Amino acid sequence: MTLELPYKVLLGKHTRREFRQRMSAGELQACIIPIAATEQHLEHLAMEHDNASIMHISTAVAAQLDPHVIVAPVMNIGISEHHMRHPGTLTAMPGSFLAVLFDAIRSMQSAGFENILVLNGHGGNIAPCEGIWGQFLQRLEINLQFKSYWDFLTSAETDPFLETGRCPGHAQEFETAFALAAFPENVRHDAMHDQADQEPLAANAENGQALIDLTVKNVANFVQGMLDGTEIAEIPAFHD
Ligand SMILES: [Zn+2]
């Protein structure tokens with residue numbers, strides 16, 4: 001048995017020998033570390049949504065750029081204090097989350113990656129990551145990028161596919177359409193009517209697929225730019 005797509009883009013599906021051989025052949029040139037959350041997504045959408053969506057995007061991007069990109073395991077507990085009124089949500093303190101994220105990045109750097117994209121699928125992770133990113137860059141001095149996947153979408157691109165115009169929102173039209181297209185078993189149609197927020201009702205699978213395709217195309221362009229040397233993270237200046 002040899003490792004084929006789609007498993008070939010997942011770090012965890014490799015044996016240590018397969019990974020070592022691909023690294024030493026120079027085949028693997030960039031790593032995506034997906035980060036997300038496990039948290040309430042209103043009454044109708046599964047709590048794994050942010051993990052499932054970021055893995056969906058990450059694996060599709062890596063497959064498009066095969067054989068140069070590998071996807072690390074998703075960090076599936078995020079910073080979700082603001083969702084803790086709904087039991088079942090898990091949350092990490094920002095310091096704990098950033099400590100594990102830094103160690104994951106450093107592990108991939110020591111495996112040989114100098115192009116690492118931390119691709120985020122959860123709003124609560126943004127401020128802590130942006131606050132510390134310059135220090136991560138100064139410690140590691142590699143092409144280490146932080147982006148949320150919706151950063152790659154302009155409103156001109158998404159407007160034709162969103163009746164509410166809200167992107168990404170929380171468990172609303174955008175995320176619900178994404179789930180209807182990619183993992184419809186995560187959507188409870190009846191429950192959409194049983195809640196104050198009625199925006200999810202605007203979602204449909206066709207628009208969800210169009211939004212996913214756009215995202216994958218734009219993220220893949222960016223990662224290709226990292227490989228080509230046109231997308232390079234700027235390391236903040238050190239004092240003399
Ligand atoms: Zn979400």
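Trainee: Where is Pro6 found?
Mentor: Pro6 sits in the segment before helix 1 (16-24). Helices (H or I, at least four residues) and strands (E, at least two) are DSSP runs, numbered from the N terminus. Residues are numbered from 1 along each chain as its sequence is written. The model is predicted, with local features needing pLDDT of at least 70 and side-chain atom pairs pLDDT 80 or more, while totals for chains, interfaces and linings use all residues.

Trainee: Is the peptide bond from Leu5 to Pro6 cis or trans?
Mentor: The bond from Leu5 to Pro6 is cis, with omega near 5°. The bond from Cys167 to Pro168 is cis too, with omega near 5°.

Trainee: And where is Pro168?
Mentor: Pro168 is in the loop between helix 5 (155-158) and helix 6. Ala171 is placed in the loop between helix 5 and helix 6 as well.

Trainee: What is phi of Ala171?
Mentor: Near 60°, a positive value for a residue that is not glycine. Most residues other than glycine have a negative phi, and most peptide bonds are trans.

Trainee: Is Ala171 buried or exposed?
Mentor: Ala171 is buried, as 25 other C-beta atoms lie within 10 Å. Buried takes 20 or more other C-beta atoms within 10 Å, exposed 12 or fewer, and partly exposed is in between, with C-beta atoms placed from the backbone.

Trainee: What about phi of Leu42?
Mentor: Phi of Leu42 is near 60°, again positive in a non-glycine residue. Leu42 belongs to the loop between strand 1 (30-35) and helix 2 (49-64), and Leu42 counts as buried with 21 C-beta neighbours inside 10 Å.

Trainee: New topic. At what angle do the axes of helix 6 and helix 7 cross?
Mentor: At roughly 95°, and the axes of helix 6 (residues 173-182) and helix 7 (residues 205-228) come within 7 Å. That makes helix 6 roughly perpendicular (65 to 115 degrees) to helix 7. Axes are lines fitted to C-alpha atoms, for helices over the stretch in contact, and angles run from 0 to 180 degrees between N-to-C directions.

Trainee: Which residues of helix 6 and helix 7 meet?
Mentor: Among them are Phe174, Ala177 and Phe178 in helix 6, and Ala205, Leu211 and Ile212 in helix 7. Two residues are in contact if their C-beta atoms, placed from the backbone, lie within 7 Å.

Trainee: How do helix 3 and helix 4 pack?
Mentor: Helix 3 (residues 94-111) and helix 4 (residues 126-140) pack at about 35°, with axes 11 Å apart. Phe97 and Arg106 of helix 3 and Ile132 and Phe136 of helix 4 are among the residues making the contact.

Definitions and conventions:
Angles under 35 degrees count as roughly parallel, over 145 as roughly antiparallel, 65 to 115 as roughly perpendicular and the rest as oblique.
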